[in-house]
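Reader: Please take me through the ring contacts of this model and set each value against its cut-off.

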Amino acid sequence: MTEFEEKIACLRREMKMEAMDFYMVTTEDAYMAISGVVHDFWRSLRWLTGFTGSSGYTIITEDQVGFWTDSRYHLQAAAQVQVEGVQIYNVSEVPAEHYLGWISSYAKASGKSRLVFGVDGRTISTSKGLLMQEHFDSLTGVSIVIEPGKDLINRIWKDRPEPDYRPIWEHDIKYAGKTRKEKEAEVRREMEARGAQYYVVGGLEGPPWLTNMRGYESISPIFASHMVVTPETLQLFCKVEMIPETLKKKLIADGYTIYPVEALVEQLRKIPAGARVYMDPSRTNYLMPSSIPEACVIVKGFDIVNDLKAVKNPVELQNIRRANIMESIALFRMFRYLREHVGKERITEYDTHLLLEEYRKRSPEYIYDAGVITLSAGYGKNGAWPHYAPTEEQSDELEPSNLIVVDACSHYICGSVDMCRTIYLGPSEYDEQIRKDYAVVLKAFIAICRQVIRKGTNGQCLDSVARTVMWNHHLQYGHGTGHGLGYCNCLHEGPQTLAEASYKKDWAFSELPLKLGNTMALEPGVYREGKYGMRVEDNLVIVPDTVNEFGEFYRFDNMFYHPLEREIIKPDLLHDDEVEWINAYHAKTFEVLSPHLEEEEVEYLRKATAPIFKSGTIRKDEGGTS
């Protein structure tokens, strides 16, 4: 019996004591965090199953284990979840509600008329809880009751770490662009428009934006908190001791009332009868609505702060561009080091994280915590796991062969960056296929970057622009084409996203129209199991293009510039206009980065961004053909 099978056996004993037929464990926390849980306290699924991905859930019964994750982590789950008989499902390929059918089939085969479904209600969204309840209520011949109030994992996880609260600090107006009072006014206008007197702010990333405060409690500069906007005040629930006294006084002066995080339920229960309470079921946990008096009217809709913060103000956009330059410089230096030293000294996937941190820390505006892994660096076959994350204990050594795909996430006080590059370390048996695949990825990337859209275009429509390129070459990637990008906040941000309709998230909706000022990370890729992976990712912002008699049109403006991998670009596989786009992009990359580099680095960058040419092209600089 493996370590994880023993843990599941312990869980089953607790389930039997509570007369539970099912128990669900997820990767979520009480704050519905987007980019990973806020504290290790909430890593229940990792502890129970060994799965280290950021999105997934398992359902345990007396004799079965079902496990669901998306295409980013499907291969990873198959390798990590070492539990006999586990059934692993890819939610990118099965219906989003597949787990409900799995539950129903088990219930009907059990021969019981009534079954109990247990879950820590803090770790599923309200929308998920309501969806399950609706489905269970529709069943005939069997009754399934949800029990959301018991954390069975806490009973068996004997050395469970306590939440690690850290200092909270103010995000200065020169970075935020708007004061707390200005943001509050925007929120209250939206509340009035939606007929609400109270508003439960959704998600972990909402309070930091609204309060102009940040912290160090996650892979993002955020802090564990909830917020409720009432007619009289703004209630902030957090670890009060972590707020400096001077900042507390500012908050109180701005109309805030500060409570310990444990006081949320008590304050929700005090909302007066008849009050209209606005909340987003996808951004609040399942226990929240049950704490609001039944005599209140719950108004459901998209989270207000989520909508507002997705449209960046001019100050934020100016700052984000600077953050992108600093991150690109750090990556440029790290990639150069890899190219020059792999094969000459021992360098592992994990070492790339340490190298990158060293270069990032040269910037005084970099926000860092040495204990957080801020990149996915998959060498060779590991690159086929889209979000593979090496650890100090488990990390392959890099060799002068094949590819390494590096997806780096960073936060500067002036903005956040999420980028990805594929680096060619040397010849391998896959070289011909690598160049063909990279050409297709570049085609998809270029297509989406230069696509003009009409006002009102949604993420599903734009996703198809890149994905159609892949399909025409009989390729597919199992993640979205792009996602919203937070500002010194969670890297992944809603409500905007570029994804297929089947790719469901609780915090982003591809059917919603994209807006001016939305910042996005765009990332097509190819993953060949057991061989390699590749992806190209840049950060862009939606800006005006033109207005005419046919409507208002937008386009993407690039904020991140970094050399593409010349070693595996085969120009003859690209159209002329695509070659021209790459050359223009590289010229802009040189223009943006060179003023910040040392002289020898400038020469290295010049070579990395030199023009590419198709066979037979007349080169004006040489007067000959290439």
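Predicted model: local features only at pLDDT ≥ 70, side-chain atom pairs only at ≥ 80, totals over all residues.

Author: Residues are numbered from 1 along each chain as its sequence is written, and side-chain values use heavy atoms, with hydrogens and water left out.

Reader: How many aromatic pairs does the structure hold?

Author: The structure holds 21. Rings of Phe, Tyr and Trp (its six-membered ring) pair if their centres lie within 6.5 Å; planes under 30 degrees apart count as stacked, over 60 as edge-to-face and the rest as tilted.

Reader: Why is the pair of Tyr-57 and Tyr-99 called edge-to-face?

Author: The ring centres of Tyr-57 and Tyr-99 are 5.4 Å apart and the planes stand at 75°, so the pair is edge-to-face.

Reader: What makes this pair a tie between parts apart in sequence?

Author: Tyr-57 belongs to strand E2 (residues 57–60) and Tyr-99 to helix H4 (residues 98–110), so the pair ties together parts 42 residues apart in sequence. Helices (H or I, at least four residues) and strands (E, at least two) are DSSP runs, numbered from the N terminus.

Reader: Why does Tyr-99 count as buried?

Author: Buried means under 20% relative accessible area, exposed over 50%, partly exposed in between (1.4 Å probe, protein chains only). Tyr-99 has 2% relative accessibility, so Tyr-99 is buried. Tyr-57, at 10%, is buried.

Reader: What sits over the ring of Tyr-57?

Author: The charged end of Lys-128 does, 3.8 Å from the ring centre. The definition asks for NZ of Lys or CZ of Arg within 6 Å of the ring centre and within 35 degrees of the ring normal.
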